Amino acid sequence: MKKYYLGIDLGSTTSKAVIINENDQIVGRGITNTRANYKVAADIAREEAIYDARFTLLSNKIKLDMEAKPEFKKYMEDIRSVFQYQQFKRRMESLEKMLNKTVSEFAYENKTAIAEKLHEIIENIRPQIRNEFVHGNLGSKNQFFRDIVSEKYNVGVDALGREYYEPLMLAFDKSITPVENEMVQYNFKELVLESMAVLEEKYKGLADQHEDGSKEDWYYAELNAVKSNYKDVEISLREHIEAIASEDIHIAKMVGTGYGRALLPFPEDCIKSEILCHAFGAHAIFPNTRTVLDIGGQDTKAIQVDSHGLVTSFHMNDRCAAGCGRYLGYIADEFGLSLNELGPEAMSSTKETTICSTCTVFAGAEVKELLHNGEQRPNILAGLHKAIVQRAMSLIARSGGVRNEFTFTGGVARNQAVLKYVKQMVTDSYGQVTMNIHTDSIFMGALGGAMFARRNISADLPKAGKSVEA
Amino acid sequence: MAQEAQKERSMILQKEMIEGLFNDLGKAKETGKKVCYTFVPGNLSELIRTFDMLPVYPEINALQSAMRKKSASYIKEAERHAHSEDVCTYVKCDVGMMMKGNIGPTGEKIPEPDILLLSYTGCFTFLKWFETLKREYPNAKVIMVHTPYQENAKITPEMTQYMVKQFKEEVIPQMEAVTGIKYDEEKLKKILALSKEAEDWITKIFDTTKHKPSPIDAYFAGVYYIGPINIGFRGTQQAVDYYKELYKEIQERVRLGLGPITPEGEMKEEKYRLVVEGPPNWTSFREFWKIFYDMGAVIVASSYTKVGGVYDMGWRHDPSRPLESLSEYCMNCYTNLNIPQRIDLLSKCITDYAADGYVTNSIKSCNSFSAGQLGMMREIEDRLEVPVGFIESDLVDPRYFSYSNIKNRLESYFQMLEQRKIIHESEKV
């Protein structure tokens with residue numbers, strides 16, 4: 001039986017899971033938003049990683065086809081999005097029930113009207129979301145259930161009169177948490193088959209796409225290929241799906257890390273510091289890494305590692321989290337933007353407005369003042385991003401500076417504007433060094449954890465203390 | 001059994017000494033003894049004793065208040081009187097305690113000072129602290145000695161002469177005037193001989209961490225050990241007896257191969273040996289200590305236990321050169337060493353006591369310690385390739401001790417040490 005190793009990184013904002021095989025290769029990744037119930041967050045991330053691992057196994061089975069035929073590649077991309085939608089749909093059903101229940105328990109006089117409006121909103125957003133998953137690119141946006149549904153729901157509520165605002169928002173706030181904290185297990189095979197049916201419908205209905213020059217050539221090639229040949233892919237997938245779905249993804253050992261690690265239901269020796277895990281993960285992907293910067297939700301860590309990927313020293317923000325991901329979250333709320341929109345808007349700035357506040361809450365007041373004075377929003381956002389990176393740079397300096405190579409990890413590494421300033425400031429302060437940013441940056445902690453799990457270091461190697469007596 | 005009794009004896013001795021001092025302070029008015037407020041670094045205990053005065057150490061009172069969970073309300077009181085949030089929390093705690101009636105750790109009221117003696121000027125805050133106290137106690141005589149910093153890593157004859165001149169022209173005449181007692185050099189010499197003896201013993205005590213396992217914790221227990229020598233008992237037979245007794249007890253632990261005693265009993269397994277730079281946190285002293293001993297970490301040397309005197313390099317009070325020796329003592333206190341000297345001293349500790357790591361506890365409101373701490377850490381890391389760790393807390397303000405942050409940093413640090421140990425072991429095999 002093949003052995004797999006799991007790493008779970010329970011962060012303050014997101015929970016990540018990574019599954020690796022015996023060769024340290026990542027076979028599955030899962031991510032979800034951290035919620036009140038940590039165990040559920042960890043379980044969901046793990047389940048996601050297991051589904052992802054099954055997809056990896058499936059892709060491996062049809063590897064040759066995927067390399068040679070564009071329809072296989074496209075189909076596998078699409079099926080993952082639709083697979084996510086199938087999970088979304090089930091959670092949405094659960095949320096709908098909860099919303100109805102909440103409203104039915106309301107004491108408002110116009111309860112019936114509220115229930116009707118609620119029904120309208122749900123009926124309205126359901127097809128929208130389906131469409132964005134099946135035909136759009138929602139599946140690749142890394143958004144979580146709560147974010148997706150609340151964004152659409154808020155729009156729906158806003159469109160109604162003031163009289164419905166309070167009860168409908170209250171209904172949502174009361175319902176989303178229990179739904180989010182509920183652990184639902186899905187049947188992989190069932191979901192894949194359902195997804196295939198949705199895809200069949202999608203491809204059947206597709207008109208021939210003509211090149212209008214708005215997309216790259218390969219886009220039309222893939223789409224037209226999949227439209228004509230999706231049946232071949234289906235046949236091929238059906239051949240393997242049974243075996244893949246029933247394959248035991250045997251987790252031989254796991255390690256939990258992250259800010260919430262102490263709350264994970266893991267034995268004590270399976271809990272590792274996120275500093276060690278991030279460093280180990282980053283080092284595994286980029287073996288020449290000597291300095292790691294990790295910006296997470298409420299921690300920024302500057303870590304120095306040796307040639308083994310072992311930490312030699314580290315520095316973390318103390319007393320204040322103004323330079324971390326949460327700062328961006330707060331700013332996004334201030335501007336009424338989603339977290340994903342911050343970076344791109346900051347990138348469109350013409351200059352960086354100077355932000356003086358080192359405190360998240362004060363920065364909010366400062367931002368309002370700046371807007372009032374006519375500063376452009378992208379410029380303010382650029383200034384805020386720069387402020388975060390300046391804080392990170394100070395931690396790097398305190399930890400001993402940047403040594404070649406430099407690897408940037410954590411959720412914030414996905415933000416293009418942060419990336420821009422990190423590159424700029426590292427080069428300004430330390431000259432030209434190799435800088436690594438990986439698409440899996442956010443998973444580095446979980447990867448490090450999984451790698452520690454595989455090594456099972458404390459058991460495999462001789463016990464410390466031996467030479468002391470010698 | 002024997003061991004239990006021995007352990008108790010040194011603790012009883014210490015308790016008696018401290019209680020005796022605060023008793024004497026409580027009765028100072030009746031006995032007519034003069035009271036001298038002064039600070040631990042560069043303290044002139046021997047001279048104070050020569051003039052039969054009783055010493056009060058405001059920073060010791062502050063840390064005692066913190067350990068008795070009283071510092072928060074004292075600090076609040078001082079802040080109500082316009083002391084800023086950034087002011088050294090020892091100062092605020094002391095000022096707050098004074099404003100709330102100046103009740104000392106044993107419940108007795110601490111008498112007002114007759115003298116405010118500032119014999120170490122390396123800490124600028126000390127100056128401001130006594131300026132504040134002078135306003136509160138207008139009748140107190142202020143005596144200030146300028147202590148030259150060891151900028152060039154040595155004490156030159158001119159520096160010593162400069163200080164002796166201050167003793168002769170300023171300190172001694174003013175002490176004579178306040179106490180009405182004539183300066184008696186022979187008496188001072190006798191006291192200094194006892195100081196030297198106590199210093200020999202305490203050096204031996206802190207040197208026992210050479211053993212594996214270390215029989216003592218040189219930081220968390222160390223702060224208790226330095227108590228008598230730092231609060232005015234240097235130069236007494238009592239201090240010599242206490243240290244002799246303590247040494248005997250520790251020797252017994254060495255003989256039995258025992259590790260240090262913690263508040264939860266004996267430390268079972270010594271996993272990591274550390275050198276710590278910086279004062280401890282006093283408000284959560286037990287919790288802070290527990291993080292270390294729970295992980296099997298023992299502190300084999302610390303800079304903080306050297307604030308009241310650096311004896312590692314062989315320096316002792318010398319009865320044959322009384323005032324010169326007092327001068328050198330002032331200039332030789334830990335925070336008066338320049339940064340490279342501190343690095344050398346700590347590096348020597350790491351090497352001599354076979355430490356696995358070096359941890360800095362940085363106190364934001366303490367400039368004397370914090371200045372240069374990061375640079376020192378980097379230099380030590382480069383020089384000895386020893387894993388370094390950095391945490392931040394405060395002296396006596398409970399608002400600045402974040403248990404979860406400190407625990408998180410230290411947990412990561414210990415795991416880092418563990419990993420390196422394992423790698424090194426596997427390389428040896």
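Biologist: Is helix 10 of chain B, residues 222-230, enclosed or open, and why?
Modeller: In this predicted model, helix 10 of chain B is largely enclosed by the rest of the structure, because 7 of its 9 residues are buried.

Biologist: Which residues are buried there, in helix 10 of chain B?
Modeller: The buried residues of helix 10 of chain B are B:Gly222, B:Val223, B:Tyr225, B:Ile226, B:Pro228, B:Ile229 and B:Asn230. Just after this helix, B:Gly232 takes a positive phi of about 100 degrees.

Biologist: Switching to the sheet in chain B, what is its strand order?
Modeller: The order is 2-1-3-4, in an open sheet of 4 strands with parallel pairing. Strand 2 (54-56) and strand 4 (141-144) of chain B each have a single partner strand, so one side of each is left without a neighbour in the sheet. On average, and with direction ignored, neighbouring strands of this sheet are turned by 25 degrees against each other.

Biologist: And how many bridges join strand 3 to strand 4 of chain B?
Modeller: There are 4 bridges between strand 3 (residues 115-118) and strand 4 of chain B, which run parallel, and B:Leu116 stands opposite B:Val142 in strand 4 of chain B.

Biologist: Which strands does helix 7 of chain B touch?
Modeller: Helix 7 (residues 124-136) of chain B packs on the sheet and touches strand 1 (35-38), strand 3 and strand 4 of chain B, with its direction at about 170 degrees to that of strand 3 of chain B. Helix 8 (residues 157-179) of chain B lies across strand 3 and strand 4 of chain B, running at about 160 degrees to strand 4 of chain B.

Biologist: Over in chain A, is A:Asn131 buried or exposed?
Modeller: A:Asn131, which lies in helix 4 (residues 111-134) of chain A, is exposed, with 12 other C-beta atoms within 10 Å.

Methods:
Residues are numbered from 1 along each chain as its sequence is written. Chains are lettered from A and ligands numbered from 1 in the order in which they are written. This is a predicted model: local features need pLDDT of at least 70, side-chain atom pairs count only at pLDDT 80 or more; totals for chains, interfaces and linings use all residues. A residue is buried if 20 or more other C-beta atoms lie within 10 Å of its own, exposed if 12 or fewer, and partly exposed in between; C-beta atoms are placed from the backbone. Helices (H or I, at least four residues) and strands (E, at least two) are DSSP runs, numbered from the N terminus. Two strands pair if DSSP finds at least two bridges between them. Axes are lines fitted to C-alpha atoms, for helices over the stretch in contact, and angles run from 0 to 180 degrees between N-to-C directions. Two residues are in contact if their C-beta atoms, placed from the backbone, lie within 7 Å.
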